[in-house]
Amino acid sequence: MALFQNHSHLSDPDLFVPAKPLVSGRITRLIGLTLEAVGLKVALGDYCRIAVAEGQLAEAEVVGFSGDRIYLMPLHSVEGLQPGARVTPQQSASQVPVGFGLLGRVINGIGQPIDGRGPLDAERFVSLQGETINPLARHPIDTPLDVGIRSINGLLTVGCGQRLGLFAGSGVGKSVLLGMMTRNTEADITVVGLIGERGREVREFIDHSLGAAGMARSVVVASPADDSPLMRLRAAELTTRIAEYFRAQGKRVLLLMDSLTRYAQAQREIALAVGEPPATKGYPPSVFARLPRLVERAGNAQSGEGSITAFYTVLTEGDDQQDPIADAARAILDGHIVLSRSLAEQGHYPAVDIEASISRVMPQVVAPEHLAKALEFKRMFSRYQQNADLISVGAYARGSDPLTDRAIEMLPVLQAYLQQGMAESFDQQRSIQELIMLMSMPPTPSAPQQGMRGQVSQADRR
C-alpha cells in the first residue's frame, strides 16, 4: 500500500512537484525489545511510525536488517501492538531542536519538553549527528578552566576543551560533585545529560544542584532508567548535539553527562537484541565503537570559536576500576578523577583519590611553579599512604626517612586542602595560592610523630 506526502512547499510554488510514494510494511515478529518488519525500503537509522492501536502511533528506529527483514527498536511502549500492524517510514530525516530558547528548559531524548512550560522556542532544527572536526584544525588546549573545586583546581587542573571522566561506584558522590562543578564553573552555558539514572534524581539535580541561577544558563536532557534503551541512547547524542550548537556560536560550554556507563549499557541492550554477539564481559563490539564517536565530538573547535569542556561520570561496578567500560573510557578521555569509597566512608568529601587521578593536559595549562608544587603535594601524600599501616600501629621510628617525617607532620593540612563543603567554592587563583603557601611551609623539627590516631611513636617515648 502506498501513502503520499506533498512536498511542493519545498520548491517554487508555481511548479508542480509529484508526491513521493511511501511504501508501508507490516510487523511480523516481536522478540524482547526488537520488532521485525517486512515490506519496507529503509536505511539504517531511519525512523518509522507503527500503528500500535486504533488511532495511536509509536515511533521506532531502524537498528538492523537481515535480507528483507528489518529490525526496529521502539522509542516508547508498544502496548496494544498486534501482528501485522502497519509500519510507515517517515519521509523527513530526524531533526532535533537547538537554540538559546532551550536555556532553562528540560527535554527528553527526542527533544520534547517535559517541564510543563509549553512548547520550546527553538531557533532551528538540525540533524542529530554533528559535523566531524578535523583533529589538526582543533585549537589546542592551553587555557585553564576554573571549576570551583580546590583539589581539582590545584592538583588536577582542567583545561578549556578537556574531556574528563569521574570514576566511582554507586553512592560515592559523583552527582554531588557534578552539581558543585555546575554551580561554580566559569562557563557561558551548561548542557546536562541525565542518562539512565533514577527518576527522582532529575528533580533533585535541577532543584538542589543547579538551582535557579544555574538553570537559567543550562539545558537539561533527561532520560531516566525506565526509558527505552533507544531513548537513552538518543538522549546522550542530543546532549552532545546541543552542546555542539552552542560551541559553534562561540560559547564556552560545560557538558556534564551522568552517566557514560548507562549510554554504553543502552547500546549493549540494542546490540544484543538484534543478534550481535557479546565480546567483552557481555558487551558487543559496537559498544566500544560508539564510545569514542560520542566523546570525540566534545573538545575545542577551530581557533577563534567556542569550546566544549566535558565531564562524563563512569560507574565502576563493585568499585572495579578494570570494568571494560571504565577501561575503555580511561583510554579515550583526557584524564580521570577517581572517587574513593574508603574516603567517602571516612566523611572525606569530595572523595577524590588524588593518587589514582590525573589530568593529562595540566602541564600545558599551568605555570611551572604551580605544577612543581602540585607534584610535591602528591609525592608527600603518597609517601604517607605507603607507610600508613606502620604509622598507625606506632611501628615507624621517627628519623628513618625525612620525607615520611615531613608527610606525617603535614598530613592534617594536606587532608584539609583536599576537603570542601558542598556550598563552598574556591576559585582558581585562591586554590593555587593556598597550594603554594601550603607546600612552602617550613618543617617543624621538634614536632612529635603522630599516627593515624594521634599516637606518639615508641621511638619518641624513649
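The following legends describe close-up views of a predicted model.

Because the model is predicted, local features need pLDDT of at least 70 and side-chain atom pairs count only at pLDDT 80 or more, whereas totals for chains, interfaces and linings use all residues. Residues are numbered from 1 along each chain as its sequence is written, and side-chain values use heavy atoms, with hydrogens and water left out.

**Figure 1. Overview of the chain.** The chain contains 14 helices and 21 strands; helices (H or I, at least four residues) and strands (E, at least two) are DSSP runs, numbered from the N terminus. Of the 462 residues, 50% are buried, where buried means under 20% relative accessible area, exposed over 50% and partly exposed in between (1.4 Å probe, protein chains only). Among contacts (heavy atoms within 4.5 Å) between residues at least 6 apart in sequence, 71% join residues at least 24 apart.

Figure 2. The barrel closes in the order β3-β4-β7-β6-β5-β8, with antiparallel pairing; two strands pair if DSSP finds at least two bridges between them. From one strand to the next, the twist averages 45°. Strands β3 (residues 25-31) and β8 (residues 86-89) pair in the antiparallel sense over two bridges, and R26 has R86 in β8 as its bridge partner. Helix α4 (residues 229-248) lies across β5 (47-53), β6 (56-66) and β7 (69-74), and runs at about 75° to β7. Axes are lines fitted to C-alpha atoms, for helices over the stretch in contact, and angles run from 0 to 180 degrees between N-to-C directions.

Figure 3. All nine residues of β19 (307-315) are buried. On one side lie S307, T309, F311, T313 and L315, and on the other I308, A310, Y312 and V314; both faces are covered. In a regular strand the side chains alternate between the two faces of the sheet. Strand β14 runs parallel to β19 and is joined to β19 by six bridges, with V314 of β19 as the bridge partner of F167. Strand β17 also pairs with β19 in the parallel sense, over six bridges, and R252 stands opposite S307. Strand β18 (residues 299-300) is antiparallel to β19 and joined to β19 by two bridges; here N300 stands opposite S307. The hairpin of β18 and β19 has six residues between the strands, and in this hairpin G304 takes a positive phi near 90°.

**Figure 4. The mostly covered helix α2.** Eight of the 11 residues of α2 (residues 174-184) are buried, namely K174, L177, L178, G179, M180, M181, T182 and N184. Their cover includes helices α1 (150-155) and α3 (199-216), together with strands β14 (163-168), β15 (189-195), β17 (252-258) and β19 (307-315).

**Figure 5. The crossing of helices α10 and α12.** The two axes come within 8 Å and cross at roughly 110°. Helices α10 and α12 are therefore roughly perpendicular to each other; angles under 35 degrees count as roughly parallel, over 145 as roughly antiparallel, 65 to 115 as roughly perpendicular and the rest as oblique. Residues F377, M380, F381, R383 and Y384 of α10 meet a set of α12 residues including L403, A407, M410, L414 and Y417.

Figure 6. Five aromatic pairs are found in a search of the whole structure. Rings of Phe, Tyr and Trp (its six-membered ring) pair if their centres lie within 6.5 Å; planes under 30 degrees apart count as stacked, over 60 as edge-to-face and the rest as tilted. The ring centres of F377 and Y417 are 5.6 Å apart and the planes stand at 50°, so this pair is tilted. F377 belongs to α10 (residues 368-386) and Y417 to α12 (residues 402-418), so the pair ties together parts that are 40 residues apart in sequence. Both F377 and Y417 are buried. R150 lies over the face of Y417, at 5.3 Å from the ring centre, and over the face of F426, at 4.1 Å from the ring centre. A charge sits over a ring if NZ of Lys or CZ of Arg is within 6 Å of the ring centre and within 35 degrees of the ring normal. Elsewhere, ring pairs link F100, Y245 and F246 into a cluster.

**Figure 7. The surroundings of M362.** M362 lies in helix α9 (residues 362-365) and is buried, with a relative accessible area of 4%. Leaving aside neighbours within four places in sequence, M362 is in contact with G154, L155, L156, T157, H370, L371 and A374. The C-alpha atoms of M362 and G335 are separated by 9.5 Å, the two residues being 27 apart along the chain.
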